[in-house]
Amino acid sequence: MSLTAALGSARSSLMAAGIQSSVISRNIAGASELSYSRKIAVLENFPGNGVYVAAIQRAASAGLYTNVLTATSASTKQSVIYDGLQKIAAATVDDPELDQSPTAQLNVLKQALHQYATAPDNATLAQSAVAAAKDMAASLNQATTTVQSVREGADADMLTAVTNINRLLAQFDTVNTAVVKGTTTGEDVTDYLDQRDAIISKLSQEIGVSVSIRPNGDAALYTDSGVVLYDKSARNVSFAPTNAYTAGITGNAVYIDGVPVTGASSVMPLKSGKIAGLAELRDTATVTYQSQLDEIARGLIDAFREIDQSGAALPDVPGLFTYPGAPAMPAAATISVGLAGTITVAASVDPASGGNPNLLRDGAISGNVAYNYNTTGVAGFSARLQQLIDNMDAPQPFDAAAQGKPSGSVIDFASSSVSWIESRRKTADDSAQYQNTLLDRSNTALSNVNGVNMDDEMSLMLQVERTYSASSKIISAVDDMLNTLLAAVS
Amino acid sequence: MMSANYISTLMLSSSLRYSITNNQSALSKASKEATTGRFADPGLQLGTSTGRDVGLRAEMSFMDQIVDTNELVAGRLDMTQNRITQLGTTAQEFLKNLIAARDADGGQQILLPSASANLQDLIGALNVSYNGSFLFAGLDTQNAPIANYTAGSTSKNAVDADFLATFGFAQSSANVSTITPAQMQNFLNTSFDAQFASPAWNANWSSAADQTLTSRISTTEVVDTSVSANQPGFRKLAAAYTMLSDLGNSSLSQATFQTVVDRAISLVSGAIYDLAVLGGSVGAVQQRVSAATDKLKIQHDILNQQVVAMEEVDPSEASVRVNALQNQIDTALALTARLQKISLINYL
């Protein structure tokens, strides 16, 4: 009976239109969400009996999605490094115009010495030279505190990131199970897939991640270095935080399922993501900068050391600048870890501790008269001060591991340290900018593939509306026809 | 439905949003650069060259400092030169008087007051202090170098004792007239001369150190910038003025007095020569200081140019950039508003 068939087709068309409009309204609801991918209701023909919705597809592009993940991880890593270096550079170098850098501080000290040397009998100038020396020591101490606090911050951020990863992996587990189950039973899992992608996107900020999808819809997650993060079940990511940092303390590594993924002992170190950036900042960049500060401190102690004047061949001792290891000199051309944090001006010269600033001119700061340069005790003696100024300019060897100038004056070395941190900051900024642009581009490309265009959806809606009214019209026409027929029969 | 022309509504609106935020942060940088003429963040811009930048700045400020201290050094040298010139002039006047008075009657009376005044003047000149330090004291800048020559002072006591030991009476004694020229000659050559040579000079007259102040007048040059009161010229003047003021000259016989005057003439003319040499060497140092200062100023300018060149942003270029960015932001904002209006919903 073909009238019944017409009624059936119209009915299936109504059904399909209902599903289509529900898909359209889902699309419109997700239009402003970056992680939402457009759903498409696939219509198929029932031979001779209208249409039905065979499946709901997702517009997606695995390639572009991988690009977004990679760019996200890389850009997060560089931003984290940049932020850390920025903090250190702002505290220790700042604008060169403001003369805050170690180089400028050393120069202030040199100037104070020079002024004092011009009038060595002037007590005020002696005091201001000692004050400049104290400022120098304090600025090295402060720089050490800044560097170590950046390391503390990085350590705390690593803990937050690890907590975040574990939380995201737990969510991932739930969603992934739903996807697998839905795929097996043939349900619409597209929303779960969106949700899973959103979770992976969030994960990619914390850690470089790669995804592999199995035929049943199951996804396995690996870090960019190849360590399994999720395969059937979530792996445990663990990290023991270190609360207080001083130079020389090495922070703990992040472990995934017992395998270290950061630090020197790691065979599969993370390459990107926030954790990789934080680890590089905490374990490499700040440690190198700290050793540069330590070398500046050691260079200062060395330049101001006192040499035996009595002919008794006594060993050299620290003079104006001293440290807890005095009276031994710190080993030459070797990083003394944490020296910049402990360097001080000798109490015997510091008027604030009851010392005599004139010892700067005369020598014997260490307390032993054998180191007295001004044997006649005259007030106009400037030879020692001139010598100190020359020492500040004299080349001395520095530990190559500090990555500064291997041989040069302490001022040159300090300049090379300024260069080092600024060039690192510039590099991090450049690549962060590049990766951000790449991320923007990839996001745009991806969104243009899987995003929702409202106008398009609205015109589809019009189409569905028309189909719906036409089908309804057919139903009422068939009803009329049947009525006419039934009336004729009765 | 997937095609190259497809665009998601989200991107349509957010691409402009990205460009607005990017441009706004660029605008804040550009406007800072336009007003200051320097990079907004020189360290970030210069990277590896930042070390050179801070190094140049440090060198520059050290040069400034040396130029400042050179003024002090120059002041010290000017004062020193001035005193040496004055002493030279006084000595020349005195030499004229000596020659005139040698054969004149009552030459003793003519010379006595000026000799003793000149001695006081010499001591005063050598004890001059500048900026809190005694200029002629060598390194011992906190002590006046020359003791006064008055009754009871070490220098006078020593001369008195020598005189008494040689002749058996004091300078004020009437017996002074009995001293023969040969005796006087002998006294002057031996014990009196010894008073003005080391070690007696350093014990009785001068506490000055032989080493003099040294100052750094450029980044590399360290020069002597003071003169010690122990210089031979000063000793000769002190000897000449003392012998004419305190050897009982008024009572000496004419022949003996002439012996003293002859000796004084040779001493004073020797001193004039020595002072001229000394003044010359001080002048040479003055010359070096002012040359060093000039050189430092030139170097400072060169360094300053380098620093400026490193950190400089062309302000007009920066302000053009500000305008361009403003336009871009304006356009982006206007477009955002218009894009909002372009929606199929408005026509349904």
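Q: Let's start with strands 4 and 5 of chain A. How many bridges join strand 4 of chain A to strand 5 of chain A?
A: Two bridges join strand 4 (residues 219–223) to strand 5 of chain A, and the strands run antiparallel. Keep in mind that this is a predicted model.

Q: Which residue is the bridge partner of Tyr222(A)?
A: Val228(A), in strand 5 of chain A.

Q: And what happens in the hairpin of strand 4 and strand 5 of chain A?
A: The hairpin has four residues between the strands. Gly226(A) takes a positive phi there, near 100°.

Q: Which strand does strand 5 of chain A pair with over two bridges, besides strand 4?
A: Strand 6 of chain A. Strand 5 covers residues 228–231, and its pairing with strand 6 is antiparallel. Tyr230(A) has Ala234(A) in strand 6 as its bridge partner.

Q: How many residues lie between the strands in the hairpin of strand 5 and strand 6 of chain A?
A: One. In that hairpin, Lys232(A) takes a positive phi near 70°.

Q: In what order do the strands of this open sheet come?
A: The order is 3-4-5-6 in chain A, four strands with antiparallel pairing.

Q: Which strands stand at the edges?
A: Strand 3 (209–213) and strand 6 (233–234) of chain A. Each has a single partner strand, so one side of each is left without a neighbour in the sheet.

Q: What about the open sheet of three strands in chain A?
A: Its order is 7-8-9, again with antiparallel pairing. Strand 7 (237–239) and strand 9 (259–260) are the edge strands, and each pairs on one side only.

Q: How many bridges are there between strand 8 and strand 9 of chain A?
A: Two, in the antiparallel sense, with strand 8 covering residues 254–256. Ile256(A) stands opposite Val259(A) in strand 9.

Q: Back up the chain. How do strand 1 and strand 2 of chain A pair?
A: In the antiparallel sense, over seven bridges. Strand 1 is residues 39–45 and strand 2 is residues 51–58. Asn45(A) stands opposite Val51(A) in strand 2.

Q: Which residue takes a positive phi in that hairpin?
A: Gly48(A), near 75°. The hairpin has five residues between the strands.

Q: Switching to helices. How far does helix 2 of chain A reach?
A: Helix 2 (residues 62–92) has 31 residues and reaches 45 Å from its first C-alpha to its last. That is close to the 45 Å expected at 1.5 Å a residue. Just after helix 2, Asp94(A) takes a positive phi of about 55°.

Q: Where else does chain A have a positive phi in a residue other than glycine?
A: One of them is at Ala313(A), where phi is near 55°. Ala313(A) is in the loop between helix 6 (274–303) and strand 10 of chain A.

Q: Now chain B. At what angle do helix 1 and helix 10 of chain B cross?
A: Roughly 160°. Helix 1 is residues 9–36, helix 10 is residues 315–341, and their axes come within 9 Å. That makes helix 1 of chain B roughly antiparallel to helix 10 of chain B. The crossing is left-handed.

Q: Which residue classes make up that contact?
A: By class, the contact of helix 1 with helix 10 of chain B has 16 nonpolar, ten polar and two charged residues.

Q: How do helix 3 and helix 8 of chain B cross?
A: At roughly 40°, with axes that come within 12 Å. Helix 3 is residues 50–102 and helix 8 is residues 232–245. The two helices are therefore oblique to each other. Their crossing is left-handed.

Q: Which residues does a cis peptide bond join?
A: In chain A, one joins Ala326(A) and Pro327(A), with omega about 10°. Pro327(A) lies in the loop between strand 10 (321–322) and helix 7 (339–342) of chain A. In chain B, one joins Ser198(B) and Pro199(B), with omega about 5°. Pro199(B) is in the loop between helix 6 (181–195) and helix 7 (200–205) of chain B.

Q: Last thing. What does the model score?
A: The scores are ipTM 0.88 and pTM 0.89. Chain B averages a pLDDT of 90, and 99% of its residues score at least 70.

Note on methods:
Residues are numbered from 1 along each chain as its sequence is written. Chains are lettered from A and ligands numbered from 1 in the order in which they are written. This is a predicted model: local features need pLDDT of at least 70, side-chain atom pairs count only at pLDDT 80 or more; totals for chains, interfaces and linings use all residues. Side-chain values use heavy atoms; hydrogens and water are left out. pLDDT is the predictor's confidence in each residue, from 0 to 100. The expected span of a helix is 1.5 Å times one less than its number of residues. Axes are lines fitted to C-alpha atoms, for helices over the stretch in contact, and angles run from 0 to 180 degrees between N-to-C directions. Angles under 35 degrees count as roughly parallel, over 145 as roughly antiparallel, 65 to 115 as roughly perpendicular and the rest as oblique. A crossing is left-handed if the near helix is turned anticlockwise from the far one by less than a right angle, and right-handed if clockwise. Ala, Val, Leu, Ile, Met, Phe, Trp, Tyr, Cys and Pro count as nonpolar, Asp, Glu, Lys and Arg as charged, and the others, Gly among them, as polar. Two strands pair if DSSP finds at least two bridges between them.
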